Amino acid sequence: MPETRLDIDRIRAARRMIDPVFLDTPLYRCDALDPALGCAVSIKLETANPVRSFKARGTELIAGLLAGDGAGAVVCASAGNLGQALAWSGRGRGLDVTVVAPRSAPAAKLDRIRALDARLELVDGDFDLARERAAAVARYEGIRLIEDSQDIETCEGAATIGLELVGAVPTFDAVLIALGGGALATGVGHVVKALAPEVEVICVQPLGAPAMTHSWRQRRVVTTGSTDTIADGVAARRPIPAVLDDLLLVADDAVLVQESSIMAGMRMLLDHAGLVVEPSAALGVAAILEDRDRFAGRHVVTIVCGGNVDMDAYHRWVGVAPDHTP
Ligand SMILES: Cc1ncc(COP(=O)(O)O)c(C=O)c1O
């Protein structure tokens, strides 16, 4: 058992707090992708739910606990998906939700946060600036701050995906996980290393947002000055020390991919799987494209973790993506 902040029994218990609409998502062999990628690919589909990302697994847990404690108001920083998920989970439980997000976040994400009745505050800066502002709002207003990846419930919620993966037949050789703040990778990674340690846990980040990958490789927190990637969901600059400690225990590798590969991955998921995904959800396919030899002949699961994307940008990206079909 890896000695992370997570615990299998708590993760199993978490399932009971999460609306079933977010659980037991499709996991299937997508053999139409195999010829182009040179390996057996399975998809874990986290986009077919009311918020179109996995983040509600964690916010369901948080909102359930807070509502039980009688808390009335919460604030979080978000690149868009956590905020949307918290708004969804909070609305059903009478929580007042404030989301602080970058003004540059995809309109599709910001519009949904508003539509779900959350108060949305925009900052002229990136996700890490939004984190500072959310902490300030929590202090001034005396309300609970939700910190993605730092708050253990965000990791435990994501970890329920891991339970669904390790319970699957047939088994698989590697899982590719988009890496941002690290809730998804530490959560899924903990379960995989605890219950199926032979499976390789590979985290994937864009070259343009490499802070956590650099930190994992150097075994210390490395911050970066700015990010430059279309994968807005994983564009963070300041890794959280406790999350890095956990990641060091559960990840076998962390790789960086180019923007052109992310676009090609989005295009392949559209062409061969019929899936419209946001850039962060194509990181796994991008990693296979950049290192086919590593995956050749193996069975690889990629978590398709979000589908909130502005359509104009999407068409631009998949339109310019190179055709990788051999
Ligand atoms: C679609 C998508 N993929 C991946 C991530 C990264 O997850 P984490 O921050 O848990 O590492 C996020 C984060 O919000 C996301 O929205």
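Guide: What follows is a quick tour, from the overall build down to single residues.

Visitor: What kind of model is this, and how are residues numbered?
Guide: This is a predicted model: local features need pLDDT of at least 70, side-chain atom pairs count only at pLDDT 80 or more, and totals for chains, interfaces and linings use all residues. Residues are numbered from 1 along each chain as its sequence is written.

Visitor: How many helices and strands does the protein have?
Guide: There are 14 helices and ten strands. Both are DSSP runs, numbered from the N terminus: H or I over at least four residues for helices, E over at least two for strands.

Visitor: What share of the residues is buried?
Guide: Buried residues make up 55% of the 326. Buried means 20 or more other C-beta atoms within 10 Å of a residue's own, exposed means 12 or fewer, and partly exposed is in between, with C-beta atoms placed from the backbone.

Visitor: How is the protein divided into domains?
Guide: Domain 1 covers 8-53 + 152-320, and domain 2 covers 56-146. Those bounds come from an automatic or database domain assignment. Taken over C-alpha atoms, the domain centres are separated by 23 Å. Their contact takes 28 residues from domain 1 and 22 residues from domain 2; two residues are in contact if their C-beta atoms, placed from the backbone, lie within 7 Å.

Visitor: Which helix gives the largest share of domain 1's side?
Guide: Helix 7 (residues 152-166) does, with seven residues on the side that touches domain 2. By type, that side of domain 1 divides into twelve nonpolar, nine polar and seven charged residues. Here Ala, Val, Leu, Ile, Met, Phe, Trp, Tyr, Cys and Pro count as nonpolar, Asp, Glu, Lys and Arg as charged, and the others, Gly among them, as polar.

Visitor: Is helix 7 largely enclosed, or what? How many of its residues are buried?
Guide: 13 of its 15 residues are buried, so helix 7 is largely enclosed by the rest of the structure. Its end C-alpha atoms are 21 Å apart, which agrees with the 21 Å that its 15 residues should span at 1.5 Å a residue. The expected span is 1.5 Å times one less than the number of residues.

Visitor: Changing topic: which residues come nearest to the ligand?
Guide: Asn 81, Gly 180, Ala 183, Gly 233 and Gly 306, out of 23 residues around the ligand. A residue is near a molecule if its C-beta atom, placed from the backbone, lies within 6 Å of it. The shell divides into eleven nonpolar, nine polar and three charged residues.

Visitor: Which helix gives the most to that shell?
Guide: Helix 8, with three residues. Helix 4 (81-91) and helix 8 (183-195) each supply at least two. Domain 1 and domain 2 each provide at least three residues of the shell.

Visitor: What is Lys 109 in contact with?
Guide: Leaving aside its neighbours within four places in sequence, Lys 109 is in contact with Gly 80, Asn 81, Gln 84 and Asn 308. Lys 109 is in helix 5 (residues 107-115). With 29 C-beta neighbours inside 10 Å, Lys 109 counts as buried.

Visitor: Which residue has a positive phi although it is not a glycine?
Guide: Asp 24 is one of them, at about 50°, and Arg 219 is another, at about 55°. Most residues other than glycine have a negative phi.

Visitor: Where do they lie?
Guide: Asp 24 is in the loop between helix 1 (8-14) and strand 1 (27-29), while Arg 219 is in the loop between helix 9 (211-218) and helix 10 (241-250).

Visitor: Is Arg 219 buried or exposed?
Guide: Arg 219 is exposed, because it has 10 other C-beta atoms within 10 Å. Asp 24 counts as exposed too, with 12 C-beta neighbours inside 10 Å.
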